[in-house]
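Dear colleague,

Please find below the structure that I am handing over to you, with its sequence. I would be grateful if you kept it open while reading the notes that come after it.

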Amino acid sequence: MEGKGGKRKSERPYKGIRMRKWGKWVAEIREPNKRSRIWLGSYATPVAAARAYDTAVYYLRGPSARLNFPELLVAEFGSGGGGGAGLNDLSAASIRKKAIEVGARVDAVEASVTAHEDDASPSELKPRWFQEKPDLNEKPEPEDPDGDYW
């Protein structure tokens with residue numbers, strides 16, 4: 001059993017999320033006093049799934065909720081208020097919608113940061129010719145100016 005617990009810990013770096021076999025990260029949360037769960041979406045990064053979970057757990061349990069990123073939600077929701085701060089409707093559907101919005105936003109930010117890190121990496125030189133917009137009406141210049149290609 002100890003081996004299984006160690007494997008589980010490495011696959012779940014944050015509370016409320018898990019990784020699918022094909023690499024996507026998913027988040028879900030159990031509704032208070034019920035056996036049902038609220039599906040919080042599928043994400044490319046574990047951070048996005050964890051932020052979706054944090055959003056839902058905050059709306060369900062208020063400021064006393066155990067969060068993955070407490071410092072980020074304090075900044076997002078402010079220091080006041082109780083459970084459901086900022087949401088008038090505490091239905092499963094409205095909590096799911098808000099959690100998915102947050103998760104998708106984090107996923108987009110994570111993807112853009114990763115893309116910019118890849119571009120800035122000096123160890124991997126990527127061709128940049130595809131980023132240039134050539135004038136298609138101009139005759140191309142040969143790579144070797146001494147060679148007579150035309």
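The notes below begin with the whole chain and then turn to its parts.

Please bear in mind throughout that this is a predicted model.

**The chain as a whole**

The protein chain has 150 residues, of which 27% count as buried. Its secondary structure comes to 4 helices and 3 strands. Read from the N terminus on, these elements follow the order α-β-β-β-α-α-α. Among the contacts between residues at least 6 apart in sequence, 43% join residues at least 24 apart.

**The largest pocket**

The largest pocket holds about 280 Å³ of space. Two elements, S1 and S2, each give two or more residues to its lining. S2 gives the most, with 5 residues. The lining consists of Arg12, Lys15, Gly16, Ile17, Arg18, Val26, Ala27, Glu28, Ile29, Arg30, Arg37 and Tyr53. Sorted by class, these are 5 nonpolar, 1 polar and 6 charged residues.

Glutamate 28 lies in strand S2. Is glutamate 28 buried or exposed? Its relative accessibility is 19%, and a residue counts as buried under 20%, so glutamate 28 is classed as buried. The side chain of glutamate 28 makes a polar contact with the side chain of arginine 37, at 3.0 Å. Apart from residues up to four places away in sequence, glutamate 28 touches Gly16, Arg18, Arg37, Ile38, Trp39, Leu40 and Tyr53.

**Two loops between strands**

Lysine 24 is placed in the loop between strand S1 (17–19) and strand S2 (25–30). Its relative accessible area is 35%, which lies between the 20% and 50% limits, so lysine 24 is described as partly exposed. Which residues does lysine 24 touch, not counting those up to four places away in sequence? They are Arg18, Met19, Ser42, Tyr43 and Ala44. As for serine 42, the C-alpha atoms of this residue and lysine 24 are 6.4 Å apart in space, although the two are 18 residues apart in sequence.

Asparagine 33 belongs to the loop between S2 and strand S3 (37–43). With a relative accessibility of 85%, it counts as exposed, because the limit for that class is over 50%. Most residues other than glycine have a negative phi. Asparagine 33, which is not a glycine, has a positive phi of about 60 degrees.

**From S3 into helix H2**

Alanine 44 sits in the loop between S3 and H2. Leaving aside neighbours within four places in sequence, alanine 44 is in contact with Lys24, Trp25 and Asp107. Alanine 44 and alanine 104 are 60 residues apart along the chain, and their C-alpha atoms are separated by 9.3 Å.

Helix H2 covers residues 46–61. How far apart are the end C-alpha atoms of H2? They are 22 Å apart, which agrees with the 22 Å that its 16 residues should span at 1.5 Å a residue. H2 is mostly covered, as 12 of its 16 residues are buried. The buried residues include Ala48, Arg51, Tyr53, Asp54 and Tyr59. Glycine 62 follows H2, and its phi is positive, near 80 degrees.

**A residue of helix H4**

Arginine 96 is located in helix H4 (residues 92–120). At a relative accessible area of 29%, arginine 96 is partly exposed. Leaving out residues up to four places away in sequence, arginine 96 touches Ile38, Trp39 and Leu40. Arginine 96 and tyrosine 53 are 43 residues apart in sequence, with their C-alpha atoms 9.4 Å apart in space.

Yours sincerely,

A colleague

How values were computed:
Residues numbered from 1 in each chain as written. Predicted model: local features only at pLDDT ≥ 70, side-chain atom pairs only at ≥ 80, totals over all residues. Heavy atoms only, no water. Buried < 20%, exposed > 50% of the residue type's maximum accessible area, 1.4 Å probe, protein only. Contact = heavy atoms within 4.5 Å. Expected span 1.5 Å × (residues − 1). 1 Å grid on protein atoms, 1.4 Å probe; cavity = no way out; pocket = protein on both sides within 12 Å on 5 of 7 lines; lining within 4 Å. Points joined across faces, edges and corners; volume = space filled by probe spheres on them. Nonpolar A, V, L, I, M, F, W, Y, C, P; charged D, E, K, R; others polar. Polar contact = N/O pair within 3.5 Å; in protein donor to acceptor, adjacent residues only side chain to side chain.
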